[in-house]
Amino acid sequence: MSQASVASYIDHTLLKPEATPTAVRQLCAEAKEFGFASVCVNPWHLPLVAAELAGSQVAPCCVIGFPLGANATLTKVNEAVAAIAAGATELDMVINIGAAKEGDWRIVEDDITDVVKAATGKALVKVIIETCLLSDREKELACLVAQKAGATFVKTSTGFSTGGATVADVELMRRTVPQMKIKASGGIRDLASAQAMIAAGADRLGCSAGVAIVKQEQA
């Protein structure tokens with residue numbers, strides 16, 4: 001696997017609340033230098049990211065309903081609309097995890113569907129199911145609901161809950177929705193972890209350690 005191909009999987013990510021504009025500018029410079037797929041940030045930073053990435057192949061990506069997924073659907077939709085207006089071409093939204101745990105999949109589906117409708121033709125949607133909080137059956141149902149709602153990706157984790165991506169979860173997601181794209185995120189900090197996620201079926205990797213991973217491969 002070439003350095004370019006590994007880099008092309010990576011969503012270069014900075015979602016900490018203390019992230020500064022200076023740090024976000026550095027993130028964008030690194031993404032352009034190494035050829036990452038996107039730069040993923042919180043909504044406040046998105047206009048800066050869109051400006052910094054203008055003219056490059058790196059996509060501006062914004063999280064929606066992050067990190068809890070417990071916002072009202074209208075709030076998520078408004079976040080999505082604002083992010084797209086500010087230049088986002090990819091949106092990573094968190095599902096209504098409480099509704100999923102209750103087994104109310106109609107709420108989960110409607111929540112995703114409304115964000116996907118707001119984004120259609122303007123931005124692709126990645127649906128974060130927060131695998132660490134779900135049973136295997138709930139993970140399967142969450143993936144199927146995301147597929148039915150028209151999302152492009154299902155994504156393992158926010159990285160802000162009790163656990164991150166695992167190879168087993170990526171494999172489960174790949175089996176459940178073979179025609180969807182899968183993003184593994186949370187705890188991918190070295191080349192071996194990145195390669196294991198790709199081998200398991202991941203199409204994207206959400207990483208704050210993307211530069212270190214690429215440099216490991218170059219070494």
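**Salt bridges, burial and a pocket**

Asp 110 and Arg 106 form a salt bridge, with 3.6 Å between the closest N and O atoms. This is a predicted model, where local features need pLDDT of at least 70 and side-chain atom pairs count only at pLDDT 80 or more, while totals for chains, interfaces and linings use all residues. Residues are numbered from 1 along each chain as its sequence is written, and side-chain values use heavy atoms, leaving out hydrogens and water.

Q: Why is the Asp 110 and Arg 106 pair called a salt bridge?
A: The term asks for a side-chain nitrogen of Lys or Arg within 4 Å of a carboxyl oxygen of Asp or Glu. Here the closest N and O atoms are 3.6 Å apart, so the pair qualifies.

Q: What separates Asp 110 and Arg 106 along helix α6?
A: About one helical turn, because they are 4 residues apart in that helix. (Helices are DSSP runs of H or I with at least four residues, strands are E runs with at least two, and both are numbered from the N terminus.)

Q: Why does Asp 110 count as partly exposed?
A: Buried means under 20% relative accessible area, exposed over 50%, and partly exposed in between (1.4 Å probe, protein chains only). Asp 110 has 35% relative accessibility, so it falls in between. Arg 106, at 48%, is therefore partly exposed too.

Q: What makes Lys 148 and Glu 109 a salt bridge?
A: Their N to O distance is 3.7 Å, so the pair passes the cut-off. The partners come from distant parts of the chain, Lys 148 in helix α7 (residues 136–149) and Glu 109 in helix α6, 39 residues apart.

Q: Is Lys 148 buried or exposed?
A: Exposed, because its relative accessibility is 60%. Glu 109 is buried, because its relative accessible area is 11%.

Q: How do you know that Arg 204 and Asp 11 make a salt bridge?
A: Their side chains meet at 2.7 Å, N to O, so the pair counts. Arg 204 sits in strand β8 and Asp 11 in strand β1, 193 residues apart. Both Arg 204 and Asp 11 are buried. They also belong to a salt-bridge network with Glu 90, Asp 92, Lys 126, Lys 155, Lys 183.

Q: How many salt bridges does a search of the whole structure find?
A: It finds 17.

Q: How do the lining residues of the largest pocket divide?
A: Into 8 nonpolar, 10 polar and 5 charged.

Note on methods: Nonpolar A, V, L, I, M, F, W, Y, C, P; charged D, E, K, R; others polar.
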